[in-house]
Amino acid sequence: SSGINAEWPLRPGSKNEMLRNINAKRIDQLICQLTAHVQKLQQRKTLVRDTTAYKAQLIAEHKQLQIDVAVLKQRLADAEVMNGKKVYPLPNATKPVVISEAKPKPKAQPEVKQPEPKSQQPSNNQNNKGQQQPKKQQPKKKDANNNKNASAAKAPAKGNEPAKVDVSRLDMRVGLIRSAKLHPDADGLYLEEVECGEGQPRQVISGLVRHIPIEEMQMRPCVLLCNLKPAKMRGVMSHAMVMCASTPEKVEILVPPPGSKPGDKVTVEGFVGDPDQQLNPKKKVFEAIQPDFLVSPEGYALYKGVPWKINGEHVTAPSMRGCGIK
């Protein structure tokens, strides 16, 4: 039975004794290999017996890295503040980024007028007669003054409301470039006369010499931005800007729809309002709006994904697609 075989002593030369001898030899070989490997590690000094010093070194390097990261974050925040961006600390940050901002100047306090000295009192009879009337009328005068002050205080509050910044503040119209010639003092600029529905054509300077031949600039329809502040370009005043589809390599003048005439307004659905009489260059209104201009894959001029339209028809680019508008 199995029990008798398990207790039966091993006979010399039996199969079980041979297996045991083979296993013992393998164990001895593994021990020899491990001993040799440990000796090699000791010779190379890569075997760490005491990890305390190594752990302390890693902790010190980790702390130094944290300090370096904090310094780099502060430098990045300072650079963004210098570029006009606001930086807010993260809610989970242990040391939020501190942004130095210029303290606002204290508002000048209004001068307090000293009460004027009262005039000498009249005689008793006149004083007794006049005392009752002012007492009834003075509160009414104060109320009237208070109402005036309250209305005056409300009036500037409306003016202080921030104006919306969208395409409705731009005065864009259909223009007709009646003539174009080279700028007298700049080889890369055209000097143009553009009709835009006013009594006289406007003088406009455009940097289109490298992109559009002068023959194609004559009697050419365009879209004109008319409420920029006039500016000198190489000594010559420019009173508007021709809107173009633009990339660094290529520029095309936007095309008004057929049938439009000089002076027709560009509209964008959903953005209603009266354009500024003249854009303030210090407030960078056009610079805030322009990044949302785009030419669609179909060739339509868009603002925030909404098409520009003139008399219900699209403004288009001749051949450029998926580019910005300047």
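**Contacts, core and strands**

Mentor: In this predicted model, Met 172 touches Val 167, Val 223, Leu 224, Leu 225, Met 243, Asp 264, Lys 265, Val 266 and Trp 308, leaving aside residues up to four places away in sequence.

Trainee: Which residues touch the most other members of the largest nonpolar core?

Mentor: A nonpolar core is a set of buried residues joined through side-chain atoms within 4.5 Å. Here the largest such core has 26 residues, and those touching the most other members are Leu 170, Met 172, Met 243, Leu 254, Phe 293 and Trp 308. At least two residues each are supplied to this core by β1 (172-183), β4 (220-225), α6 (285-289), β11 (293-295), β12 and β13, and the largest share, three residues, comes from α6. Apart from this core lies another, of 17 residues, among them Val 204, Cys 222, Leu 224 and Cys 226.

Trainee: With which strand does β12 pair, and in which sense?

Mentor: Two strands pair if DSSP finds at least two bridges between them. Strand β12 (residues 301-303) pairs with β13 over two bridges in the antiparallel sense, with Tyr 303 standing opposite Val 306. These two strands form a hairpin with two residues between them, and Lys 304 in the turn has a positive phi of about 50 degrees.

Trainee: What is the bridge partner of Lys 309 in β14?

Mentor: That partner is His 314, and two bridges join β13 to β14 (residues 313-314), which run antiparallel. In the hairpin that β13 and β14 form, Asn 311 in the turn has a positive phi of about 55 degrees. Lys 309 is also the bridge partner of Thr 267, and strand β10 (residues 267-268) is joined to β13 (residues 306-310) by two antiparallel bridges.

Notes:
Residues numbered from 1 in each chain as written. Predicted model: local features only at pLDDT ≥ 70, side-chain atom pairs only at ≥ 80, totals over all residues. Heavy atoms only, no water. Helix = DSSP H or I, 4+ residues; strand = E, 2+ residues; numbered from the N terminus. Buried < 20%, exposed > 50% of the residue type's maximum accessible area, 1.4 Å probe, protein only. Contact = heavy atoms within 4.5 Å.
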